[in-house]
Amino acid sequence: MNSGKSKVAIKIKNLSKSYIEAGRAHSILLGTNTQICEGETVALLGRSGSGKSTLLNLISGIDIPDSGEIVIDDKIVTSMKEQDRTLFRRENIGFVYQFFNLIPTLDVMENLKLVLELNNTSKAQSEKQCRALLDAVGLRDRANSFPDALSGGEQQRVAIARALVHNPPILLADEPTGNLDQETSTEIWNLLDTLVRPLGRTIVLATHSMEAARRCDRVLELVQGELHDVTGKYA
């Protein structure tokens, strides 16, 4: 448990977000508030459509709220221009998706290197970091394979390596095992436990997995646009 950590990594203040569907506004978040500490691992639960993915997209700066603020490392992400949010995300946030989002025309090594190229990392350093991450996820021998030649579990391991290759302080994961069988899911949770948590990363993962919730420091649940701390249910 990392509840003793005191420095706030992510501060969410009065966050509201709605979408227009069939000509009507559909509210997703209603004045949501929470703080996530540096090095903390937080599970985000909620029914499908409750706003989990929306909240992760707002934290990462992919989307912007109707009102409210997200503050990361004392920077108000929600006040940044789109280009500044993109640069901030490239440097500070790693994102793991349910459906992997690997580029099919690039091999495994190229998928990882692309992240570092966007951050202007030297070729020599890029090669070193990518090989180290592929070693860590047990896929060095698949460096020249294309995504469609990998199993679902292998693709998600690559996706995790890609999310970590630029050493971001924050890792966001949106249903990272939602497309995997139970055995492979457990392998991915074990990998996150052994590879990511010891590095002191702040992790926020949207999930339906009770196994994942039990592994986390805190559990938040989105209900009707509001966040509730339900950690006690999973202690």
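In this predicted model, the largest pocket is lined by 17 residues, and those lying nearest its centre are F95, Y97, V115, L118 and R162. Two or more lining residues come from each of helix 2 (82-92), strand 6 (93-96), helix 3 and helix 5, with helix 3 providing the largest share, 4 residues. The pocket has a volume of about 450 Å³, and its lining divides by class into 9 nonpolar, 5 polar and 3 charged residues.

The second largest pocket has a volume of about 230 Å³ and is lined by 14 residues, of which G49, S50, L222, V223 and Q224 lie nearest its centre. Strand 2 (24-37) and strand 9 (218-223) each supply at least two residues of this lining, and strand 2 gives the most, with 4 residues. By class, the lining of the second largest pocket has 4 nonpolar, 8 polar and 2 charged residues.

| Pair | N to O distance |
|---|---|
| K75 and D73 | 3.5 Å |
| K113 and E127 | 2.5 Å |
| E154 and R142 | 3.2 Å |

In the pair formed by K75 and D73, K75 is partly exposed, with a relative accessible area of 37%, and D73 is likewise partly exposed, at 39%. K113 forms its salt bridge with E127; because K113 lies in helix 3 (residues 108-118) and E127 in helix 4 (residues 123-136), this pair ties together parts that are 14 residues apart in sequence. K113 counts as partly exposed at 22% relative accessibility, and E127 does so at 26%.

The salt bridge between E154 and R142 connects helix 5 (residues 152-164), which holds E154, with the loop between helix 4 and helix 5, where R142 lies, so that parts 12 residues apart in sequence are tied together. Elsewhere, salt bridges that share partners join D193, R197, E211, R215 and D217 into one network.

Finally, helix 1 (residues 52-60) is largely enclosed by the rest of the structure, because 7 of its 9 residues are buried. The buried residues of helix 1 are K52, T54, L55, L56, L58, I59 and S60. Just after helix 1, G61 takes a positive phi of about 85 degrees.

How values were computed. Residues are numbered from 1 along each chain as its sequence is written. This is a predicted model: local features need pLDDT of at least 70, side-chain atom pairs count only at pLDDT 80 or more; totals for chains, interfaces and linings use all residues. Side-chain values use heavy atoms; hydrogens and water are left out. Buried means under 20% relative accessible area, exposed over 50%, partly exposed in between (1.4 Å probe, protein chains only). A salt bridge is a side-chain nitrogen of Lys or Arg within 4 Å of a carboxyl oxygen of Asp or Glu. On a 1 Å grid over the protein atoms alone, a cavity is a set of points where a 1.4 Å probe fits but cannot get out, and a pocket is an open set with protein on both sides within 12 Å along at least five of seven lines; lining residues have an atom within 4 Å of a point. Grid points are joined across faces, edges and corners, and a volume is the space filled by probe spheres set on the points. Ala, Val, Leu, Ile, Met, Phe, Trp, Tyr, Cys and Pro count as nonpolar, Asp, Glu, Lys and Arg as charged, and the others, Gly among them, as polar.
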